Amino acid sequence: MSAAEGPLVVGVDTSTQSTKALVVDAATGRVVASGQAPHVVSTGAGRESDPRQWWDALREALHQCGDAAREAAAVSIGGQQHGLVTLDAHGDPVRPALLWNDVRSAPQARRLIEELGGPKSWAERTGSVPSVSFTVTKWAWLAEHEPEAARSAKAVRLPHDYLTERLTGEGTTDRGDASGTGWWASGTEAYDEEILARVGLDPALLPRVVRPGEVAGTVRDGHDLPFSRGTLVAAGTGDNAAAALGLGLRPGVPVMSLGTSGTVYAVSQRRPADPTGTVAGFADARGDWLPLACTLNCTLAVDRVAALLGLDREAVEPGTGITLLPYLDGERTPNLPHSSGLLHGLRHDTTAGQLLQAAYDGAVHSLLGALDLVLDADADPSAPLLLIGGGARGTAWQQTVRRLSGRPVQIPEARELVALGAAAQAAGLLTGEDAAAVARRWNTAAGPVLDAVERDEATLTRITGVLSDAAPLLERNADSR
C-alpha cells in the first residue's frame with residue numbers, strides 16, 4: 001500500500017446481495033483497499049436474510065482490505081433501506097430480516113393507509129405514502145402472522161443500524177434511513193407515536209436518531225473486526241442517501257440508479273409530500289430532502305429476460321410495437337405489488353433481441369415516469385442525468401436511458417458510490433466538513449457525458465397505453481398461479 005496523504009476511513013455498503021468495504025484516503029478520496037462478500041437471500045414473495053451473515057460478510061470484506069483497514073480512524077455503514085430487523089434482549093436476531101423487496105405486507109399497507117386518514121394524510125405526516133416496501137408495513141405483517149416473534153422483539157432496527165450497533169454497542173440510526181420506515185414524521189423529524197401505537201410498536205424499541213455530522217459512537221471491545229477500540233463511527237444512512245453523499249449531490253441534479261431495484265432521486269431543500277405515493281419523501285443524510293421513486297424490477301429482471309431468451313444482456317435489437325413490462329417481482333412504481341410480467345405486440349417476425357430491448361424499455365419507462373415528480377419545478381430540464389449502479393456500465397442501459405429521457409447522460413467513473421458516500425460521512429467526522437462537500441472535493445461525480453438525443457415519445461406513449469389498458473389484469477393477485 002502506498003502512503004496516504006491523510007487519515008484513512010472505511011465506508012461500507014451492506015446491500016441486498018453483498019457487503020462491500022472501501023478503505024479511502026480522507027484527503028484525496030483515493031481507494032486504497034477494497035473487499036466484498038456475498039449474502040444469501042430467500043426467494044419467492046418472502047425475501048429474507050439472516051442479519052448475522054451481514055456481520056460475517058463485513059468481517060470477510062474487511063479481511064480482504066488487509067492492513068489498511070486496521071489504520072482507519074473512522075468508519076460509516078450505508079445499507080439497504082426498509083428492512084425489518086428484530087432483536088432479542090441479547091442483541092441476537094429473533095428471526096431473519098424482512099427485506100425491502102418482501103411483498104407479503106401488501107394487505108397491511110392498504111389497511112394502514114385507510115386507517116390513518118388516506119394517502120394525503122400519510123404524505124403530509126411522514127412525507128410518504130407507505131408502500132409494501134416500508135418497514136411499518138412489515139412490522140404490521142409480523143405482528144399479524146408471527147405474533148410471538150413480534151412479542152419477543154426487544155429492539156427493532158434497520159439493516160445499517162444492526163451493523164452500526166454491533167460496532168458501537170449503541171442503538172442508533174439517522175434521519176435518512178429513518179424516513180423510510182413509515183413511523184418517522186418528516187414534519188417534526190421525530191418518531192410518530194400515533195402510528196407506532198396503531199401497529200403496536202413500543203417507541204422504546206427503536207434506535208436514537210443521530211443528527212447529521214454527529215458521532216454515533218466509537219468501536220467497542222469484544223468485536224472481531226480489524227478496527228481499534230475507540231475508532232469513530234458515523235451514523236451511517238440508507239443506500240440511496242449514501243449514494244447521494246457519494247456523488248456530492250447538489251439540489252436539482254437528477255440521479256437514476258440501476259441496480260436490483262431502480263431509483264430516481266434528487267436533493268431538494270423543500271420537504272416533499274406526494275399524495276399519489278409515487279414519490280417517497282425521504283430525508284437525506286445532511287439536513288435536506290431526497291424525494292425518490294423506486295421500482296422493484298430493474299437489472300435483475302432484465303437479466304432474467306435475457307437468460308430466458310438465451311441472450312447476452314447486450315444483445316438488443318431495435319424494434320417497434322413490442323411492449324414488455326418486466327414486473328417479475330410485483331412492482332412498486334407503478335404500485336402493483338401482485339403483478340407479474342406482461343408481453344404485448346408479439347408477431348411472427350419479432351426477434352429475441354427486440355424482446356430484450358422491450359424489457360429495457362419497460363424498466364426505464366417506469367423510472368422516467370416518476371422523474372418529473374421527483375424534481376422541483378424550477379430544476380434545469382437540460383441538466384445531465386447522472387446514471388449510477390451496476391447497470392450504468394452497460395451500453396444497452398445507457399442508450400435506452402438516453403433515448404427515452406431525451407437528456408444528456410453522465411456516467412460517473414467512481415464505483416461503489418454507496419460505500420464512497422459512507423466513507424465521505426466518516427471523513428467528515430475527522431475534518432468537520434459536510435459529507436457532500438468531502439465527496440465534491442474527491443471529484444466523485446466526474447465521468448463521460450453522452451449528448452442528448454431526441455426523446456422517443458412514440459415508445460413512451462405506447463408503453464403508457466399498454467400499462468393503462470392492462471391495469472385491471474396486472475392488479476389481480478399473481479399468487480393464484
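Student: Which helix do Asp56 and Arg59 both lie in?

Tutor: Heads-up, this is a predicted model: local features need pLDDT of at least 70, side-chain atom pairs count only at pLDDT 80 or more, and totals for chains, interfaces and linings use all residues. Residues are numbered from 1 along each chain as its sequence is written, and side-chain values use heavy atoms, with hydrogens and water left out. Helices (H or I, at least four residues) and strands (E, at least two) are DSSP runs, numbered from the N terminus. Asp56 and Arg59 are three residues apart, about one turn, and both lie in residues 51–65, helix H1.

Student: What is the N to O distance between the side chains of Asp56 and Arg59?

Tutor: An α-helix has 3.6 residues a turn, so residues three or four places apart point the same way. A salt bridge needs a side-chain nitrogen of Lys or Arg within 4 Å of a carboxyl oxygen of Asp or Glu. Asp56 and Arg59 meet in one, with an N to O distance of 2.8 Å.

Student: And what relative accessible area does Asp56 have?

Tutor: The scale goes like this: buried is under 20% relative accessible area, exposed is over 50%, and partly exposed is in between (1.4 Å probe, protein chains only). Arg59 counts as partly exposed at 33%. Asp56 is partly exposed too, at 37%.

Student: How many residues apart in sequence are the parts that Glu144 and Arg111 tie together?

Tutor: Glu144 and Arg111 form a salt bridge, their closest N and O atoms being 3.2 Å apart. Glu144 lies in H5 (residues 135–145) and Arg111 in H3 (residues 106–115), so the parts tied together are separated in sequence by 33 residues.

Student: Which residues do salt bridges with shared partners join into one network?

Tutor: The whole structure has 33 salt bridges. Glu457 and Arg455 make one of them, at 3.6 Å from N to O. The network joined through shared partners consists of Arg175, Glu189, Asp284, Arg286, Asp288 and Asp434.

Student: How many residues of H12 are buried?

Tutor: H12 is mostly covered. Of its 23 residues, the buried ones number 19.

Student: Which helix gives the most to the lining of the second largest cavity?

Tutor: A cavity is a set of points on a 1 Å grid over the protein atoms alone where a 1.4 Å probe fits but cannot get out, and lining residues have an atom within 4 Å of a point. Points are joined across faces, edges and corners, and the volume is the space filled by probe spheres set on them. The second largest cavity, at about 40 Å³, has Gln354, Gln357, Ala358 and Asp361 among its lining residues. With four residues, the top contributor is H12.

Student: What is the volume of the largest cavity?

Tutor: There are three cavities of 30 Å³ or more in the whole structure. The largest has Trp183, Tyr191 and Pro207 among its lining residues, and its volume is about 50 Å³.

Student: Last one: which residues does Ser105 contact, neighbours within four places in sequence aside?

Tutor: Ser105 lies in the loop between strand S7 (97–98) and H3, and at 2% relative accessibility it counts as buried. Taking contact as heavy atoms within 4.5 Å, its partners are Val132, Thr137, Lys138 and Trp141.

Key: 1 Å grid on protein atoms, 1.4 Å probe; cavity = no way out; pocket = protein on both sides within 12 Å on 5 of 7 lines; lining within 4 Å.
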